[in-house]
Amino acid sequence: MALAAEHRYLRQSRFAPLGKEGQRRIGGAHVAIVGMGALGSLQAELLARAGVGALRLIDRDFVELSNLQRQFLYDETDAQEALPKAVAAARRLARINSTIQIKPIVADLAPRNADELMEGVDLILDGTDNFETRYLINDFAVRESTPWIYGAAVASYGLKLAIVPGRTACLRCIYPEPPSGSQPTCETEGVLGPVTAAIASLQAGDALKILARGRESVAARLTTVDVWNGEIRQTASPARDHDCPCCARRKFPHLEGKLRAPISLCGRNAVQIHERARPIDLAALAGRLSPVAAVRVNEFALRAAVDTYELTVFPDGRAIIRGTTDVGVARSVYARYVGM
Ligand SMILES: [Zn+2]
């Protein structure tokens, strides 16, 4: 290590379990962060400061004022300029650590670009907000034998789990199917900055350990945190499913796009997300959405005005999002308000 680099990371390399050799490995590592919201932006800052050699920041969204309460790296100017999060993050990180490579990628991670965007990385960090993308990451990670760190947070609670293909349960061993019905989301339940920061920190801690000490070094325990009740729990990770379609039978339908909800343009300014075979309780969804949106509901459909979009959801899970022709935006609106 050059002297300046040695000095820069001294407090970290002096931590004996990491050491100079661990620091050298961290400096040679390549990490992809998928989703640069509350989880991803803090993960990125922690890893950039720690000297991870190359970071790939993947996000399709733009900075908004309502992000600033919990999303590190972004400021009011970014929101006023509506900068893409990946770009705003890369600019800020370059000022924090000019000695590492940072590649912002403004894109929606999807089956068609997953290979290109995640290829060759040593580790993937989950900063996403939906199961569809997590299954895609899981398929890729298991196929390539790349460790990834699953994390999620909503309201005051969150969880973290390291997934090391070949050694631990994968996401589909634990959740063979996405949770059914509509799910709590940060839009409907809110989310506290301290819980996203806690989960992102736990993910970054696992990341540094895997990079410095190898994939065998990290505990395969599920950690859950609630910053409102002050509860922190660890449970043994569920055992591997020896008939898991993904890590046992090595089928990767999410990566091949086979299980992705078909989407089509629908009229001049609307996108339809087709029947997802996941029936939705419209009354329950209305209850969740009513604090944040004007909602009308009957037995046939729910209609809600969210942001600048009009979201219509049907009992079979189908939805029409008016106000956009961008399928990525429509997918994001669905994930944020209905959950997926
Ligand atoms: Zn599995």
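Helices (H or I, at least four residues) and strands (E, at least two) are DSSP runs, numbered from the N terminus. In this predicted model, Leu 73 lies in the loop between β2 (54-59) and α5 (76-80). Local features need pLDDT of at least 70 and side-chain atom pairs count only at pLDDT 80 or more, whereas totals for chains, interfaces and linings use all residues. Residues are numbered from 1 along each chain as its sequence is written, and side-chain values use heavy atoms, with hydrogens and water left out.

**Zinc site**

- The zinc ion is coordinated at 2.3 Å by the SG atoms of Cys 170, Cys 173, Cys 244 and Cys 247; donors are N, O and S atoms within 2.8 Å of the metal (3.2 Å for Na, K and Ca), and water is not among the atoms, so sites may look incomplete.
- Along the chain, the donors of the zinc ion follow the spacing C-x2-C-x70-C-x2-C.
- The arrangement is tetrahedral because the 4 donor atoms subtend angles of 94 to 122 degrees around the zinc ion; four donors count as tetrahedral if all angles lie between 85 and 135 degrees.
- Cys 170 and Cys 173 are both buried, where buried means under 20% relative accessible area, exposed over 50%, and partly exposed in between (1.4 Å probe, protein chains only).

**Ile 174**

- Ile 174 is found in helix α9 (residues 171-174) and is partly exposed, with a relative accessible area of 22%.
- Not counting residues up to four places away in sequence, Ile 174 touches Leu 161, Ala 169 and Pro 238; contact means heavy atoms within 4.5 Å.
- Ile 174 and Arg 14 are 160 residues apart along the chain, and their C-alpha atoms are separated by 37 Å.

**Packing of α3 and α11**

- Helix α3 (residues 19-27) packs with helix α11 (residues 193-213) at an angle of about 105 degrees, their axes being 7 Å apart. That makes α3 roughly perpendicular to α11.
- Axes are lines fitted to C-alpha atoms, for helices over the stretch in contact, and angles run from 0 to 180 degrees between N-to-C directions; 65 to 115 degrees counts as roughly perpendicular, under 35 as roughly parallel, over 145 as roughly antiparallel and the rest as oblique.
- From α3, Gly 22, Arg 25 and Ile 26 meet Leu 208, Leu 211, Ala 212 and Arg 213 of α11. By class, this contact has 4 nonpolar, 1 polar and 2 charged residues, with Ala, Val, Leu, Ile, Met, Phe, Trp, Tyr, Cys and Pro counted as nonpolar, Asp, Glu, Lys and Arg as charged, and the others, Gly among them, as polar.

**Glu 45 and Leu 73**

- Glu 45 lies in helix α4 (residues 38-50) and counts as buried at 13% relative accessibility.
- Neighbours within four places in sequence aside, Glu 45 is in contact with Phe 72, Leu 73, Leu 93 and Ile 96.
- Leu 73 is itself buried, with a relative accessible area of 8%.

**Positive phi values**

- Most residues other than glycine have a negative phi.
- Phi of Leu 73 is near 85 degrees, a positive value in a residue other than glycine.
- Ala 155, also not a glycine, has a positive phi of about 55 degrees and lies in the loop between β5 (148-154) and β6 (157-163).

**Ser 145**

- Ser 145 is found in the loop between α8 (131-144) and β5 and counts as partly exposed at 35% relative accessibility.
- Ser 145 touches Pro 165 and Arg 215, not counting residues up to four places away in sequence.
- From C-alpha to C-alpha, Ser 145 and Leu 123 are 9.7 Å apart in space, and they are 22 residues apart in sequence.

Definitions and conventions: Four donors count as tetrahedral if all angles lie between 85 and 135 degrees; four count as square planar and six as octahedral if opposite donors are over 155 degrees apart and all others between 65 and 115; anything else is irregular.
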